[in-house]
Amino acid sequence: MAKADCKICGGTGWTVSEEDGFSSATRCQCVAEAQAEELEDRAQIPKNYSQASFETFLLPQNNPVARTELSKVMSIVKGYTREYPAVTKPGLLLLGPPGVGKTHLAVAALRLLISRGHEGIFFDYQNLLDRIRSGYSETLGTSNREAYRVALETEILLLDDLGAHRVTEWTEDTVTAIITERYNHKRPLLATTNLPDPEMGGPVLEKSGAPAGHSYRITLEERVGARARSRLFEMCTVVKMWAASDYRVRPGRV
Ligand SMILES: Nc1ncnc2c1ncn2[C@@H]1O[C@H](COP(=O)(O)OP(=O)(O)OP(=O)(O)O)[C@@H](O)[C@H]1O
Ligand SMILES: [Mg+2]
Ligand SMILES: [Zn+2]
């Protein structure tokens with residue numbers, strides 16, 4: 001589809017050039033631009049992250065440990081986008097505490113891939129589950145069941161804040177179904193979570209061994225179930241961001 005108001009082609013989508021008395025038509029650049037804009041619209045990236053890119057991701061100046069970690073993280077995520085779709089593992093799983101830039105980086109990757117013509121969709125985990133659940137109620141139409149289909153079938157799924165939901169059997173089954181389907185078809189998944197995992201770092205304390213004053217932290221496995229967790233780790237390159245600090249409260253934001 002061409003842009004209706006394009007000054008180059010006047011909305012036809014074609015430009016005609018003359019050479020040696022022959023004229024030939026080529027696709028106008030606005031066709032690709034319109035396609036990229038449509039893909040970006042369909043991705044439903046929240047407004048808060050409309051500026052999220054690798055360029056706008058700043059490395060901390062005064063915390064060398066966090067700086068080293070975040071530059072490594074950036075290069076893994078950039079590397080994934082560079083190699084995509086010929087990636088070794090179809091997914092990326094970003095783990096870390098709140099505010100360290102997990103969603104920012106996942107969105108940066110998604111937007112870059114979309115700008116290259118891939119189809120992607122952003123879903124907040126809780127919102128997706130709510131929409132799927134309401135789709136099952138008889139009073140609602142098919143539009144919400146659509147969310148489930150979109151989460152299964154879209155080329156690249158960004159599942160933000162995985163596990164940020166109280167656990168019910170239904171939640172566990174639904175998330176397992178989505179992850180299993182994508183896993184079986186090697187469909188890319190960009191996921192973020194701030195839930196710790198005993199094998200992947202993060203502050204996990206044993207229930208029985210939690211010292212006084214420390215509350216026990218719920219793990220990823222407890223929220224999404226063992227089957228979903230196992231597939232996630234197999235299909236995703238795990239990116240750990242435990243050393244970084246909360247950018248939302250970083251003094252001077254540097
Ligand atoms: N290194 C950074 N440079 C620039 N902006 C950043 C950086 N890290 C985070 N931000 C910004 O700070 C805000 C919080 O980051 P983000 O939402 O990505 O955190 P998160 O790790 O996903 O946290 P949560 O676990 O709470 O979802 C966003 O507006 C993001 O764009
Ligand atoms: Mg986030
Ligand atoms: Zn045009």
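This is a predicted model: local features need pLDDT of at least 70, side-chain atom pairs count only at pLDDT 80 or more; totals for chains, interfaces and linings use all residues.

**Helix pairs.** I started with α6 (residues 169-184) and α8 (residues 226-235), whose axes come within 9 Å and cross at roughly 30°. Angles under 35 degrees count as roughly parallel, so I noted α6 as roughly parallel to α8. I then looked up the hand of the crossing of α6 and α8, and it is left-handed.

Next I took α2 (residues 64-83) and α3, with axes that come within 10 Å and cross at roughly 25°. I therefore wrote these two down as roughly parallel to each other as well. The crossing of α2 and α3 is right-handed.

**Ligand 1.** Which residues are closest to ligand 1? I found P98, G101, T103, H104 and Y247, in a surrounding set of 17 residues. Helix α3 (residues 102-115) gives the largest share of this shell, three residues. Sorting the shell by type, I got six nonpolar, eight polar and three charged residues.

**Helix α4.** In α4 (residues 125-135) I listed Y125, L128, L129, R131 and I132 as buried. These residues cover an arc of only 165° around the axis, so they sit on the same side of α4. My reminder to myself: an α-helix has 3.6 residues a turn, so residues three or four places apart point the same way.

**L95.** I placed L95 in strand β3 (residues 91-95). Is L95 buried or exposed? I counted 24 C-beta neighbours inside 10 Å, so L95 is buried. I also checked L95 against A191: the two are 96 residues apart along the chain, yet their C-alpha atoms are separated by 8.6 Å.

I came across a cis peptide bond between Y84 and P85, with omega at about 5°. P85 belongs to the loop between α2 and β3.

Two residues other than glycine made my list for positive phi. D161 has phi near 65° and lies in the loop between β5 (156-160) and α6. K186 has a phi of about 50° and is in the loop between α6 and β6 (189-193). With 13 other C-beta atoms within 10 Å, K186 is partly exposed too.

Methods. Residues are numbered from 1 along each chain as its sequence is written. Chains are lettered from A and ligands numbered from 1 in the order in which they are written. A residue is buried if 20 or more other C-beta atoms lie within 10 Å of its own, exposed if 12 or fewer, and partly exposed in between; C-beta atoms are placed from the backbone. Helices (H or I, at least four residues) and strands (E, at least two) are DSSP runs, numbered from the N terminus. The arc is that of the directions from the helix axis to the C-beta atoms. A residue is near a molecule or strand if its C-beta atom, placed from the backbone, lies within 6 Å of it. Ala, Val, Leu, Ile, Met, Phe, Trp, Tyr, Cys and Pro count as nonpolar, Asp, Glu, Lys and Arg as charged, and the others, Gly among them, as polar. Axes are lines fitted to C-alpha atoms, for helices over the stretch in contact, and angles run from 0 to 180 degrees between N-to-C directions. Angles under 35 degrees count as roughly parallel, over 145 as roughly antiparallel, 65 to 115 as roughly perpendicular and the rest as oblique. A crossing is left-handed if the near helix is turned anticlockwise from the far one by less than a right angle, and right-handed if clockwise.
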